Amino acid sequence: MPYRDVVAATAAIGALTRGSRHRDAVTLFSRVLSDGIPPNEFTFGTVLRSATALRDLRVGTQLHACVAKFGLCSNVFVGSALVDHYAKMGAMAEAQSALGDTHEPNVVSYTALIAGFLKNGMFDDAHRLFQCMPERNVVSWNAMIGGCSQAGLNEEAVGLFLEMCRQGVRPNDSTFPCVLTSVANAGALGVGRSVHASAIKLLGKLDVYIGNSLVSCYARCGSLEDSVLAFRKMKQKNLVTWNALICGYAQNGRGQEALGAYETMRAMGLKADNVTLLGLLFGCNHAGLVDEGYSLFKTAQLEQAGILKPEHYACVVDLLSRANRFDDAKRFLQELPFEPGIGFWKSMIGGCQIHWNKDLAESVAERIQALDPKDTSSYILLSNVYSAAGSWQSVSMIRRQIKEKGLKRITGCSWIEVQNDVHVFFNGDSRHSQCDEIYMMLESCLGTEEDEHCLV
DNA sequence: CTAGGGTTAG
């Protein structure tokens with residue numbers, strides 16, 4: 001039974017799109033076409049959304065050709081939908097060209113393109129377009145801030161947030177989760193508190209997204225007190241809220257509390273998902289709760305195997321290796337339902353370093369170097385195992401190899417924020433103005449057990 | 001009848 005007109009047909013396709021029946025929406029669209037009903041801008045808008053949800057660039061391209069056939073390429077609405085589709089598929093050249101075909105592109109068209117640039121790591125293009133677009137609204141600012149956050153451009157994201165406020169654009173509910181992610185990435189506790197305060201001032205009530213971001217942000221900035229406070233203050237909580245709390249405990253080495261939170265969560269009738277499990281395993285790992293972690297994994301394997309991902313398996317390898325249970329770790333690796341990537345072997349060699357397991361470290365290092373000859377970390381870790389075991393000849397041999405192969409070490413660093421100043425430290429750093437006091441304090445904290453021969 | 005931006009892990 002063909003539809004009466006394009007309005008009825010579009011309504012039917014839209015219902016399918018909204019109901020997430022995207023394949024059906026596309027099929028219905030083709031049927032409407034073959035029934036001889038010419039689609040309009042709304043029809044294309046909704047069916048393009050389904051094509052995006054299906055992540056099917058082929059469908060998008062066919063729809064684009066169809067748009068051209070009906071002379072709708074210059075329509076703003078259709079144009080924006082095309083830009084959005086291509087941008088989400090990562091086809092940035094096509095997205096740009098769709099914007100170019102649009103007669104008078106508006107703020108929506110530009111924002112869709114900017115979001116696409118950021119998702120595809122093209123920060124400079126995004127920034128340039130953001131600067132020169134004719135009009136910016138809160139959504140465009142959010143797209144920039146969120147895109148920077150996701151790309152790890154944390155200073156840029158926080159800077160954009162401040163600039164937005166300075167220009168008098170009022171942040172909304174979506175702005176805060178974006179910027180708080182960056183604050184958390186940077187571990188900037190003071191900035192986090194200011195952002196929190198401005199959210200309360202501007203919005204009054206904080207929704208569950210903002211609450212979740214705060215719980216996580218405070219924990220990742222090292223303030224579990226603030227994190228738990230934010231958690232308790234939330235009226236509505238969802239699985240993400242619990243995950244944020246559990247992961248926060250885990251990251252701060254509080255495995256027992258993570259497990260406790262999980263108990264409470266289950267008592268409230270919530271089921272763990274992959275993030276919950278990862279947080280729990282991570283927490284057990286860092287608190288030395290080997291048996292607890294292993295049994296959580298085993299239970300998940302039996303009861304909800306669907307949530308298990310390579311990360312979870314990697315966590316278990318880490319757990320067993322750190323606990324000196326190398327036989328269990330090896331058996332576990334052999335029984336993996338997939339090929340272990342390089343990270344699995346790195347977990348194991350990390351355990352070898354802790355437990356001075358020279359022989360195993362050698363064979364694992366060989367594997368890592370076979371998988372990635374440029375990998376420096378295996379050399380460093382191996383050399384640390386040798387120095388721990390007192391094999392100085394082997395240490396100098398490794399150092400020579402690193403030099404000969406022209407491998408570069410990426411130096412790790414850490415930082416801490418004190419009253420809005422960020423202090424960064426590298427290994428063996430002596431540049432800080434209070435260097436002497438810091439090393440003195442370190443020595444008194446560490447006692448005399450410190451191994452000076454370690455490279456990392 | 002409609003579009004673009006949001007939370008948790010690594």
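This is a predicted model: local features need pLDDT of at least 70, side-chain atom pairs count only at pLDDT 80 or more; totals for chains, interfaces and linings use all residues.
Student: What makes chain A a helical chain with some strand content, and how far does its C-alpha trace extend?
Tutor: Chain A has 25 helices and two strands. Its C-alpha trace spans about 85 × 55 × 50 Å along the principal axes.

Student: Which residues of helix α20 are called buried?
Tutor: The term requires under 20% relative accessible area. In α20, which comprises residues 326-334, the buried residues are F326, A329, F332 and L333.

Student: Why are these residues placed on the same side of α20?
Tutor: They cover an arc of only 120° around the axis, and therefore lie on the same side of α20.

Student: Which exposed residues does the face turned away from the buried side of α20 carry?
Tutor: That face carries D327 and Q334.

Student: What covers the buried residues of α20?
Tutor: The cover includes α18 (290-303), α19 (310-322), α21 (342-354) and α22 (358-371). A contact is counted when heavy atoms are within 4.5 Å.

Student: Why is S20 called exposed?
Tutor: The cut-off for exposed is over 50%. S20 has 52% relative accessibility, and therefore counts as exposed. S20 is placed in the loop between α1 (6-18) and α2 (22-34). Its phi is near 60°, a positive value in a residue other than glycine.

Student: What does the record annotate as "repeat: PPR"?
Tutor: According to the unreviewed UniProt entry, this annotation covers residues 5-39, 106-136, 137-171, 207-237 and 238-272. In the model, residues 5-39 are 74% helix and 0% strand, with the end C-alpha atoms 9 Å apart. Residues 106-136 are likewise 74% helix and 0% strand, and their end C-alpha atoms are 10 Å apart.

Student: How much of chain A counts as buried, and what share of its accessible surface belongs to carbon and sulfur atoms?
Tutor: Of the 456 residues, 44% count as buried. The accessible surface comes to about 24400 Å², and 53% of this surface belongs to carbon and sulfur atoms.

How values were computed: Residues are numbered from 1 along each chain as its sequence is written. Chains are lettered from A and ligands numbered from 1 in the order in which they are written. Side-chain values use heavy atoms; hydrogens and water are left out. Buried means under 20% relative accessible area, exposed over 50%, partly exposed in between (1.4 Å probe, protein chains only). Helices (H or I, at least four residues) and strands (E, at least two) are DSSP runs, numbered from the N terminus. The arc is that of the directions from the helix axis to the C-beta atoms. Accessible areas come from the Shrake-Rupley method with a 1.4 Å probe; for residues, only the protein chains shown count as cover. UniProt positions are given in the numbering used here, feature names are shortened, and annotations may be inferred rather than shown by experiment.
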